[in-house]
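Good morning, and thank you for making time on the agenda. Please have the sequence and the coordinates open before you.

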Amino acid sequence: MMDLSSKNRRDFIKKVSITGISGVGVVAASSSLATEAPSNLQNTKVFDNVNAMRSASLSVGDVVTTLGYHNSLDGGGNQYTVIVDNAITPDNGEYIALNTGGLIAKGLFPSGVHNIKQWGARNDGSDCSEHIEKALIWQQSAPNRVLYGAGGTYVLNRAVSISTGLKNVYSTNLTRSYPLVLIGDGDCILKASGQIRVHHFRFPQARSDHFIEGICFDGAGIIERVVSFECTGMPGNGTIKIAQDTIVKNGLAMGIYCRGVFARLYFDGSIQNISTEQPYPTTGLSIAQGTNNTEYTKHVVIGSSAHISSISNGYSPIRDADGIIYIAMKDVTEKHDATFTVNPGATFENCQGRAIKSQVVNNVIVGPIIKRDSCNGLVDIDLQYGGGSISNAVIIHKNSAVTYAIGVSKRALPDVTGVSVTHNTLSIIQDDTSLPVTTAMISVGVTDSVPLNGVLIQGNKVEGKVKYFSTVRVAELTSGINEVVIKDNYLKALQTAFLQVWACNGGYPEVFLRSSGNFVEGSAIHTEQVQNTRAFPVTCNNSGIAPFNMIGEVALTQTRSNVSGNAQAHALTFDKVASDHLGLYNSSTGEFSAPFSGLLKFQCHLELHNIDDEHGDLELTILTNSAVSNSYVANSINLQTMKSNSKKYFLKECGELQVQAGDTLSFKITVAGSTNGLDIVASPNTFIKVEAVPDLS
């Protein structure tokens, strides 16, 4: 048997199809190579084509050679022996009925290679459905057979399915009883024609192994499922290998559809242009469960040469349009043992919804390349059942955006361990600043009231601007803790905050954040805390590693005039809340509340105008109700000495207070001297910023 693991196997096929083996010449399988008549034709009757052989006067035992199938040197030549066997139904390939005496020409295939042209397929625009279907049935009717797709474009006006049409010496229950092996030389195109239909190539009852290489399956924009493998309602342990140079393209719903029970699917080919405007999802490669929890593909591997591109759906409202969908279990509460591996170099381009969507818990996603330059989307890599790792992915968005580049969800499932998202890169190129901005590079969260723990986000990098580096969604727990490690990540520019933490199913959840070494160019590292539209507290963990500091920042929307003198105290109450991540600020009183015991660090900047010649001393007082700190005068200056020629002064003060949870911090100014008012100007120079830092002792 030919070694299918050899990387030169297609060259071998070409070679033997030209020169023949065992001293018998055979016409080339590829029509482009069939330019010479074979030699060594002693002791055989030679005909130009099959019709000439049918019409000839032959006897049992004769050995016959045809130089082609329809025409001499068309690539369909073979050698035959003449037999009589009433139990055989001719298939116009291995068995060809002759015109006289019930005789049958039995194909000998002396080169060891069998190609679709030897069953009558031809690339002249005529319908080849029946020819190719019978050739596939022959290939799987005995062991150690390989079917070769000769070069050319072959039109198919109907679906090819090999669950029917077997020769009568075989029971229909034995359909697919031997491995499917279909190999082309890279330019064999099997193209759909005719009416819109569901299937182009369908392999139902797919219980054995399948190997396809170097074939192009073209759905021509009229096929819902271009290539389908199905094994449901029966035992099965087959494998599917779609090797390099296999192309599936121009489908309406799915490029490759794999449904039911299989031991392994390996994909290293190409899927292109699966697109529709109909109300159903579109997918490049869809791996789906069967009718019960035992019918699923156990292992899926995406090879380094895999390439999936242009998966879209123009229907409104938008439906899923994903590069790969892998669904293992029908009942998500069952044990999950399926595994999903993506190898470095696998490439996904312009998959409108997601590039990778996984609903298994054991994922190893390493080094995929994901590109967008013509469509916004949902999530580039979406692990919907959590578990496993995503590393070294290269994600490039040009004038495109997604909700999350990488998304991980944890559910109430058995056998779910942690997840690591490490050393991935997101590059964002925006020629137009008005275009949408990606919400976050990484999103991890829960969909149920389960702990979010065992999460590592490390060494990831964003070149460009996102709203957040990462979002974390946690639930309020009755047992267990939420714990996330975020360290050594880099962000070029952010719109809102480095980290957003928000609540699943309401409540007031807590999350322990272990964080260090994160860096944003030109921006402060801080965390936005939201629960729906309200804030909730975040506590530090017991190891003494602090979470991101929580920041509140307020300013003025309009200038406050007539801040009078005569030593009257004026509380600084600002109405413009730039950020309030923990609900620290009360705009009516001007008080900031401590969410936990520790420090409240503050900056108070005021731009003062209209300082007249009678204004005297100005004092800024820090007020607190804390039992562990006292109120104090933080700044006292003489306005006559400090004011500018334009009667302005910029006050800048910073400091910190030790506080306990619930203590308040506020600010007041007092101006002595003139009864005339001065102005606190609404400008970028007027703001108060407060950081809450937990006590780690």
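I shall go from the overall fold to the cores, and then to individual contacts.

First, the conventions. This is a predicted model, in which local features need pLDDT of at least 70 and side-chain atom pairs count only at pLDDT 80 or more, while totals for chains, interfaces and linings use all residues. Residues are numbered from 1 along each chain as its sequence is written, and side-chain values use heavy atoms, with hydrogens and water left out.

Let me begin with the chain as a whole. Its secondary structure comes to 4 helices and 52 strands; these are DSSP runs numbered from the N terminus, with H or I and at least four residues for helices, and E and at least two residues for strands. The protein chain has 697 residues, of which 54% are buried. Here buried means under 20% relative accessible area, exposed means over 50%, and partly exposed lies in between, with a 1.4 Å probe and protein chains only. The accessible surface is about 27,300 Å², and carbon and sulfur atoms hold 46% of that area. Those areas come from the Shrake-Rupley method with a 1.4 Å probe, and for residues only the protein chains shown count as cover. As for contacts, meaning heavy atoms within 4.5 Å, take those with a separation of 6 or more: 76% of them join residues 24 or more positions apart.

I turn to the interior. A nonpolar core is a set of buried Ala, Val, Leu, Ile, Met, Phe, Trp, Tyr and Cys residues joined through side-chain atoms within 4.5 Å. The largest such core has 107 residues, and those with the most contacts inside it are I132, L136, L190, F217, L285, I302 and F340. Strand β12, residues 210-231, supplies the largest share of this core, 9 residues. Apart from it lies another core, of 35 residues, including C604, L606, L639 and A692.

Which residues does L190 contact, once its neighbours within four places in sequence are left aside? They are I116, I132, Y154, L156, H200, F201, I215, C216, F217 and D218.

S626 sits in the loop between β47 (617-624) and β48 (632-638). Is S626 buried or exposed? With a relative accessible area of 9%, S626 is buried. Its side chain reaches the backbone nitrogen of S629 at 3.5 Å. Not counting residues up to four places away in sequence, S626 also touches Q658, V659, Q660 and D663.

Now to charge pairs. Side chains of opposite charge can pair when their charged atoms come close. The criterion for a salt bridge is a side-chain nitrogen of Lys or Arg within 4 Å of a carboxyl oxygen of Asp or Glu, and a search of the whole structure finds 15 of them. In one, D380 pairs with R372, with the closest N and O atoms 2.8 Å apart; both D380 and R372 are buried. In another, K461 pairs with E463 at 3.3 Å between the closest N and O atoms. K461 is partly exposed at 34% relative accessible area, and E463 is partly exposed at 28%.

A further salt bridge joins K689 to E553, with the closest N and O atoms 3.9 Å apart. K689 lies in strand β52 (residues 687-694) and E553 in strand β40 (residues 550-555), so this pair ties together parts that are 136 residues apart in sequence. K689 is partly exposed at 22% relative accessibility, and E553 is partly exposed at 23%. Elsewhere, salt bridges link D320, D322, R354, K357 and D382 in a network.

Finally, the aromatic rings. Rings of Phe, Tyr and Trp (its six-membered ring) pair if their centres lie within 6.5 Å; planes under 30 degrees apart count as stacked, over 60 as edge-to-face and the rest as tilted. The count comes to 11 aromatic pairs. Why is the pair of F109 and W119 stacked? The ring centres of F109 and W119 are 5.5 Å apart and the planes are at 15 degrees, so the pair is stacked. F109 and W119 are both buried.

Y490 and F519 are also a stacked pair, at 6.1 Å centre to centre and 25 degrees between the planes. Y490 is buried at 18% relative accessible area, whereas F519 is partly exposed at 45%. Lastly, ring pairs link Y585, F592, F602 and F667 into a cluster.

Note on methods: A polar contact is a pair of N or O atoms within 3.5 Å; within protein, one must be able to donate a hydrogen and the other to accept it, and residues adjacent in sequence count only if both atoms are side-chain atoms.
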